[in-house]
Amino acid sequence: MLSRGEEIEWENTVSLNKQRETRARRAKAKSNKDAEKTELKYERLDRDGVSSTKARRAIKEKYAKIAEEAMNVGGAKEAETPQNFYSKKNEDPREQSDQSPSTTFESNNPPTPDDEPSDVDPFDGDGFGGDNFELDIVTDGNTAGRASFSGTIL
Amino acid sequence: MAILRAGPWGNLNSPHVDEPAVKDDQTNIYPVNCARSDWPNQPWTLLYNKNSDISISTGTAALGSPVTADGVIYATVDLDFNWQATEDFDVTLQWDMTSTQSGSSIYPTLIWQYYTIEGTGEYVFDTPSDSGSINITLPASTFGTFSASADAIDTYGYGIQVEASIS
């Protein structure tokens, strides 16, 4: 049984890991888009009528497929990650009070993005990120307040 | 229309700067306030500089909090802050300059100025009475910077004290 303090620390770790995963996924999506742009740019230089349009369409389809596959892979991982994650912890015999201290961090810590990379954004389902966040604003009457925004912080 | 917060510190060229660990006017960045109000997580603040022939120090002060500089021959108090406001608002600059020798002339001077990121501004130099206050209207701005300086000289070197505040 985890104490409240340990629970909070655990939740913070999970939250941080999810944020790292989101950033990694965004970077991957951007990299994919950049590669597509580059290919399209060079195709435009070689433009020769109908064949160029076909080639450009093929490039777009190729990268759309890559993006779709990336999202599907991420979805599959998302479905199985929480279950394995918690069951692994629950089955850990060292959860019992008479366990000797662990000599490694490997089995006691939650998986990090390096251990188990995922392309899934746990905060939304659009596959391209987007978080809710609050920022300070000055409203009418010179009153300081906070406003909620939804979007991606670049 | 609402204004997104800048700061927490900064200047007209760099409106988004982290609060410095050491408050020093040499960094040329100052606290960013919401008109005369506190931010949800940051109280209204100005950066002061107390300068005299015997000491110099810098720090932060709250709205309405007097800042006092002591000298033998001269003393100066500088007050600096930035603001964001959706509407014009008034601040009061108060000063009180005294010599330790009663009746000694102290030649008080007062300078205040403001500039906004929208390009408006005002500069005022005055040789006021030894003490007093003045209301200054600061315009609505997405980012404005204000500076005031109160200065006095005791030519006989009896000792001088300058106090100033923004409220």
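Predicted model: local features only at pLDDT ≥ 70, side-chain atom pairs only at ≥ 80, totals over all residues.
**View 1. A cis peptide bond between B:G7 and B:P8.**
Most peptide bonds are trans. The bond from B:G7 to B:P8 is cis, and its omega is near 10°. B:P8 sits in the loop that joins strand 1 (3-4) to strand 2 (9-10) of chain B.

**View 2. A positive phi at B:N28.**
Most residues other than glycine have a negative phi. B:N28 is not a glycine, yet its phi is positive, at about 65°. The residue B:N28 belongs to the loop between strand 2 and strand 3 (30-34) of chain B.

**View 3. A positive phi at B:A35.**
B:A35 is a residue other than glycine with a positive phi, near 45°. B:A35 lies in the loop between strand 3 and strand 4 (46-52) of chain B. Is B:A35 buried or exposed? B:A35 has 3% relative accessibility and therefore counts as buried, the cut-off being under 20%.

**View 4. A nonpolar patch on the surface of chain B.**
Which residues form the nonpolar patch? The patch consists of B:I54, B:V72, B:I73, B:Y74, B:Y107 and B:I153. Together these residues have about 530 Å² of accessible area. One of them, B:Y74, is in strand 7 (residues 74-85) of chain B. With a relative accessible area of 31%, B:Y74 is partly exposed.

How values were computed:
Residues numbered from 1 in each chain as written. Chains lettered and ligands numbered in written order. Heavy atoms only, no water. Helix = DSSP H or I, 4+ residues; strand = E, 2+ residues; numbered from the N terminus. Buried < 20%, exposed > 50% of the residue type's maximum accessible area, 1.4 Å probe, protein only. Patch = residues over 30% accessible without salt bridge, like charges linked within 9 Å, V, L, I, M, F, W, Y side chains within 5 Å. Areas by Shrake-Rupley, 256 points an atom, 1.4 Å probe, with all protein chains shown as cover. Salt bridge = Lys/Arg side-chain N within 4 Å of Asp/Glu carboxyl O.
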